[in-house]
Amino acid sequence: MSDSAMALMFNPDLFAQGQRLATAMAASQFLPPHLRSKTNEKETVANCYQVIVQAQRWEMDPYQVAGHTFAVGGRLGYDGQLIAS
């Protein structure tokens, strides 16, 4: 795991910043349905945070990564176009 992804997860200030970004992402109408807030906002924010951490590992824009995700059987997947890039 990259140092920046570790910092995002374990540094309290960066974690709070990531949570704010995840909350903003969850409110966006332009994300896939599985990452938009509906009834369980905490779960949706947590899912967006997972995308942010992965995007940090790959040094990519979290909104772009989010647009290439899908949910199947309770798991988050990434499409081949994203992985190839």
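Select Thr 44 first: apart from neighbours within four places in sequence, Thr 44 is in contact with Ala 26, Leu 35, Arg 36, Ser 37 and Lys 38. Contact here means that heavy atoms lie within 4.5 Å. The model on screen is predicted: local features need pLDDT of at least 70, side-chain atom pairs count only at pLDDT 80 or more, and totals for chains, interfaces and linings use all residues. Numbering runs from 1 along each chain as its sequence is written, and side-chain values use heavy atoms, with hydrogens and water left out.

Thr 44 belongs to helix 3. Its relative accessibility is 7%, so Thr 44 counts as buried. The cut-offs are under 20% relative accessible area for buried, over 50% for exposed, and partly exposed in between, with a 1.4 Å probe and protein chains only.

## The whole chain

Now zoom out and colour by secondary structure. The protein has 5 helices and 2 strands, in the order α-α-α-α-β-β-α along the sequence. Helices (H or I, at least four residues) and strands (E, at least two) are DSSP runs, numbered from the N terminus.

The C-alpha trace spans about 30 × 30 × 20 Å along the principal axes of the protein. A compact globule of 85 residues would have a radius of gyration near 12 Å, and the protein agrees with this because its value is 12 Å. That radius is taken over C-alpha atoms, and the globule rule is 2.2 Å times the number of residues to the power 0.38. Of the contacts with a separation of 6 or more, 47% are between residues 24 or more positions apart.

Switch to a surface view. The protein exposes about 5500 Å², and carbon and sulfur atoms supply 53% of this area. Accessible areas come from the Shrake-Rupley method with a 1.4 Å probe; for residues, only the protein chains shown count as cover. Buried residues make up 29% of the 85 residues.

For the charges, select Lys and Arg as positive and Asp and Glu as negative, leaving out His and the chain ends. There are 6 positive and 7 negative charges, and their mean positions are 9 Å apart. Each charge is placed at NZ of Lys, CZ of Arg, CG of Asp or CD of Glu.

## The core

Hide the surface and show side chains. Which residues have the most contacts inside the largest nonpolar core? They are Ala 22, Met 25, Leu 31, Leu 35, Cys 48, Val 51 and Ala 66, in a core of 15 residues. The elements giving two or more residues to this core are helix 2 (12-26), helix 3 (41-58) and helix 4 (62-66). Helix 3 supplies the largest share, 7 residues. A nonpolar core is a set of buried Ala, Val, Leu, Ile, Met, Phe, Trp, Tyr and Cys residues joined through side-chain atoms within 4.5 Å. In soluble globular proteins, nonpolar side chains tend to be buried together.

Select Leu 35 from that list. Leaving aside neighbours within four places in sequence, Leu 35 is in contact with Met 25, Ala 26, Thr 44, Asn 47, Cys 48, Val 51, Ala 66 and Thr 69. Thr 44, where the tour began, is one of these.

Next go to Ala 22, in helix 2. Is Ala 22 buried or exposed? Ala 22 counts as buried because its relative accessibility is 0%. Beyond its neighbours within four places, Ala 22 is in contact with Val 45, Cys 48, Tyr 49 and Ile 52. To check a distance, pick the C-alpha atoms of Ala 22 and Asn 47: they are 25 residues apart along the chain and separated by 8.1 Å.

Then select Ile 52, in helix 3. At 4% relative accessibility, Ile 52 counts as buried.

## Strand 2 and the end of the tour

Move to Leu 76, in strand 2 (residues 75-78). Leu 76 has a relative accessible area of 24% and is therefore partly exposed. Setting aside neighbours within four places in sequence, Leu 76 is in contact with His 34, Gln 50, Val 51, Thr 69 and Phe 70. From Leu 76 to Ile 52 is 13 Å, C-alpha to C-alpha, for 24 residues in sequence.

Return to helix 3 and select Gln 56. At 30% relative accessibility, Gln 56 counts as partly exposed. Gln 56 and Phe 70 are 14 residues apart in sequence and 18 Å apart in space, C-alpha to C-alpha.

The last stop is Glu 59, in the loop between helix 3 and helix 4. Glu 59 counts as exposed because its relative accessibility is 71%. Its phi is positive, about 55°, although Glu 59 is not a glycine.
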